[in-house]
Amino acid sequence: MHGKKRYILILPFLLILLTVNFYPESNHQNSDVNTVSITIDLSSEQQTIHGFGASDAWSTQFVGKNWPLEKREQIADYLFSRETDRDGNPEGIGLSIWRFNIGGGSAAQGEESKISDEWRRAEGFLQDDFSYDWSQQSGQQWFLQAAKERGTETFIGFSNSPPVQLTRNGRANGEGGSSANLAEEYYSDYAEFLGNVVQYFEEEGISFHSISPMNEPQWDWAEGNNQEGSRWQNHEIAGVVRAIDSHFTEEGIQTKIEIPEAAQINFLYSDGPDGRGHQLDYFWGDEETRIDDLTKLSPTVAAHSYFTTWPVSDLIRHRKALRDNINAMDNPPELWMSEYCILEDNEEVQGPGRDTGMDPALYMARVMHYELTITNSATWQWWLGVSPYDYNDGLVYIDHDKYDGQVYDSKKLWVMGNFSRFIRPGAVRLDLSTDDGLTEEERAEQVMVSAYKNIDGSIVTVAINYSEEERVLQVKTENGDGQPLEQTVYTTSSRHNLEITNSGDSDSRIQLPARSVVTLFMD
């Protein structure tokens, strides 16, 4: 009798609890408030995606040279492999772009380099007698070949500083002032150096898609910045590019020149420090300064995503402004987002402190989403592929040891794989519509979805559930051939690392765990 009374009393509370859990307050237009329905327009193609990548700076110089082979292979598999385990789960994230740091030679200078962190000094091929030592950067060269062996398609050589033998102060970082750490009379020497690097790697079986001769020219990179670097005025960048273009043309080098590696995306369309802004107009627009007629200049504009991602309103505002400025150009270059890691320190995420969990991974995914869907970026590239630091800057982490240690994966690694493993070079982004009734800012805290079509016809949908609640994604397609597609669902969450969580026929309802990134692969 007492048990029956308890059942009668508890039942109303259970009904209330179910109502709260499954019908929360919302302005969604869908009758099922936990379901987001999208319709992918298979005929509406947007930008072509050339790939996803990261860089080898700086730890691979030690890891690739000194660490046990088994651990090097594990790191390379995490970053580049497209193989699967016995359960069909990805063993790695299949990066299609790998950036090779062409060192300025600060490592040989030791403490005299004025770079206090030994890990951030870089070896250099050019020697003091102006001969070349191709055994330098052997650790980085190991990872370059490991990437190629695992199917990475695009390689980019980037230089933070010209060789120390050519710089004004004999170091790989500057001393302030208004000019680059490379005098004009050495532009042609720098061009020859880069050409020799490209030709050496051609002989080693590595073809560089492009060479990036300067990095974040808006910053001074004076002593205290603790890495190789140089400031560059826009006219100095143009002068160096002309010298490289001339040399590459004379030598028959097919590699393109990638510029300007803007430190923030807003420097492309607005003022920058000391007149180093408005780079879109300077290099591709203004009749008096533009250099896009040079045959070796890549038809792309490279920029970094730092310091423009918070608050969410700024994340969206800056990317819409960049898109609009590019679209307004007569002959717009293709946008390549070429570097980002988490430097922010806000209420959602912090740069300091190694965090291998979902919070920084979701923050990264949101930046990726809006740069792919708002600015129409053709690539997206993370900063450090391998990090020894106590910071949110790595995909794979290692112990801070030059000879051996432990290897750690991260949710950032696997979340990037939700994109990179399935959206392959040559894919096109597809338009989609949703019934959530949200603004872009509201959606950034809920569910963000993008869709892509690979060259082989497979369809990839990436859903980011930023919220604390489980959601359901209903995917529909239109303007296709009507053929049913098989689907596989891959989830990264607190419980899963890019693992298969569901498969079956198309048009089923896809579970989106709270705080997760889910990829629906249909072929």
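Predicted model: local features only at pLDDT ≥ 70, side-chain atom pairs only at ≥ 80, totals over all residues.
A polar contact is a pair of N or O atoms within 3.5 Å; within protein, one of the two must be able to donate a hydrogen and the other to accept it.

Thr492 belongs to strand β16, which covers residues 486–492. Is Thr492 buried or exposed? Its relative accessibility is 0%, so Thr492 counts as buried, the cut-off for that class being under 20%. The side chain of Thr492 has a polar contact of 2.7 Å with the side chain of Asn418. A polar atom of the Thr492 side chain also lies 3.1 Å from the backbone nitrogen of Leu498.

**Backbone features to look at**

Most peptide bonds are trans, and most residues other than glycine have a negative phi.

| Feature | Residues | Angle |
|---|---|---|
| cis peptide bond | Ala57 and Trp58 | omega about -20° |
| cis peptide bond | Ile259 and Pro260 | omega about -10° |
| positive phi | Phe130 | about 70° |
| positive phi | Glu261 | near 55° |

How accessible is Glu261? The relative accessibility of Glu261 is 0%, so this residue counts as buried.

The other two entries sit in loops. Trp58, joined to Ala57 by a cis bond, is found in the loop between β2 (51–55) and α2 (60–66). Phe130, with its positive phi, is placed in the loop that runs between β3 (97–101) and α4 (138–149). Phe130 has a relative accessible area of 49%, so it is classed as partly exposed; the exposed class begins over 50%.

**A negative patch on the surface**

Which residues gather in a patch of negative charge on the surface? They are Glu83, Asp85, Asp87 and Glu91. Asp87, one of these four, is located in the loop between α3 (69–80) and β3. Because its relative accessibility is 57%, Asp87 counts as exposed.

Conventions. Residues numbered from 1 in each chain as written. Heavy atoms only, no water. Helix = DSSP H or I, 4+ residues; strand = E, 2+ residues; numbered from the N terminus. Buried < 20%, exposed > 50% of the residue type's maximum accessible area, 1.4 Å probe, protein only. Patch = residues over 30% accessible without salt bridge, like charges linked within 9 Å, V, L, I, M, F, W, Y side chains within 5 Å. Areas by Shrake-Rupley, 256 points an atom, 1.4 Å probe, with all protein chains shown as cover. Salt bridge = Lys/Arg side-chain N within 4 Å of Asp/Glu carboxyl O. Lys, Arg positive; Asp, Glu negative; His and termini not counted. Charge placed at Lys NZ, Arg CZ, Asp CG, Glu CD.
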